[in-house]
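The structure is shown below.

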Amino acid sequence: MNQECAARLNWLLKDNADAAEHRKLFRNDFEEDEMMLMRHPLPARKAWATFGLMLGTMPPAAIFGRIFHYGWTTVDRDLTLLGLCLLMNIVCAVVGMAMGAAMGRSLDNLKRASWNKTVLLSLWYGALWGAVAGGAGGLLFFGFGAIVGIACAIPVGMAAFLLLTPLHRLLARGGMIDARHFWPLACGITMTIAALVLSL
């Protein structure tokens with residue numbers, strides 16, 4: 001009898017824990033219905049990793065193009081500089097993707113925070129992303145490039161995260177965002193920042 005009571009108690013505790021976890025994912029039943037209607041749901045971690053990859057690829061490429069002409073102009077073709085720019089770009093992209101994935105869960109949890117807190121934390125996460133990704137990529141430029149990389153990447157990260165975080169919060173349901181919403185937003189933000197860099 002005692003074993004049967006213990007088994008029932010364990011089942012009840014597990015059921016309550018599952019229900020509490022479910023309530024954390026959805027603010028109401030309507031949100032769960034919206035998530036079920038998504039055609040191509042992307043988990044928050046994957047969405048932010050992809051955004052970090054895009055942000056670590058296009059804006060740095062625009063910066064290298066603006067500063068170094070990516071080592072490739074009609075007059076001077078420096079293969080060493082081209083290779084260095086490519087290597088720095090790859091490092092920025094890989095580290096940016098890793099940072100996006102690492103911050104994905106925390107950024108998704110902002111859906112329960114106030115809007116003021118969401119804005120402030122998105123700026124913080126953007127600055128952190130920029131410092132790590134920009135510093136890692138710039139480090140390859142004889143070490144001191146890390147300082148320039150951080151200085152260039154922090155404003156990029158802050159602007160990008162400030163734009164995407166509130167939009168992700170509005171569109172995500174149960175830790176998922178529909179790819180049909182994510183791709184236009186991520187591409188639009190990243191390409192706009194890259195275009196702004198090139199226009200400076």
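In this predicted model, helices α5 and α6 cross with a right-handed sense. Helix α5 covers residues 79–108 and helix α6 residues 115–139; the two pack at an angle of about 155°, with their axes 8 Å apart. That angle makes α5 roughly antiparallel to α6, because values over 145 degrees count as such.

On the α5 side, the contact is made by M88, V91, C92, V95, G96, M99, G100, M103, S106 and L107. The α6 side supplies Y125, L128, W129, V132, A133, A136 and G137. By class, this contact holds 13 nonpolar and four polar residues, and no charged ones.

Helix α5 itself has 30 residues. From its first C-alpha to its last it reaches 42 Å, close to the 44 Å expected at 1.5 Å a residue. A bend of about 35° occurs in α5 at A102.

Helix α3, residues 44–55, also packs on α5: their axes come within 6 Å and cross at roughly 145°. This crossing is right-handed. From α3, the residues A44, R45, W48, A49, G52 and L53 take part. They meet A93, G96, M97, G100, A101, A102, G104, L107 and D108 of α5. The α3 contact divides into nine nonpolar, four polar and two charged residues. A102, where α5 bends, is among the α5 residues that meet α3.

The geometry of the two pairs is set out here.

| Helix pair | Angle between axes | Axis distance |
|---|---|---|
| α5 and α6 | about 155° | 8 Å apart |
| α3 and α5 | roughly 145° | within 6 Å |

Key. Residues are numbered from 1 along each chain as its sequence is written. This is a predicted model: local features need pLDDT of at least 70, side-chain atom pairs count only at pLDDT 80 or more; totals for chains, interfaces and linings use all residues. Side-chain values use heavy atoms; hydrogens and water are left out. Axes are lines fitted to C-alpha atoms, for helices over the stretch in contact, and angles run from 0 to 180 degrees between N-to-C directions. Helices (H or I, at least four residues) and strands (E, at least two) are DSSP runs, numbered from the N terminus. Angles under 35 degrees count as roughly parallel, over 145 as roughly antiparallel, 65 to 115 as roughly perpendicular and the rest as oblique. A crossing is left-handed if the near helix is turned anticlockwise from the far one by less than a right angle, and right-handed if clockwise. Contact means heavy atoms within 4.5 Å. Ala, Val, Leu, Ile, Met, Phe, Trp, Tyr, Cys and Pro count as nonpolar, Asp, Glu, Lys and Arg as charged, and the others, Gly among them, as polar. The expected span of a helix is 1.5 Å times one less than its number of residues. The bend at a residue is the angle between axes fitted to the seven residues ending there and the seven starting there.
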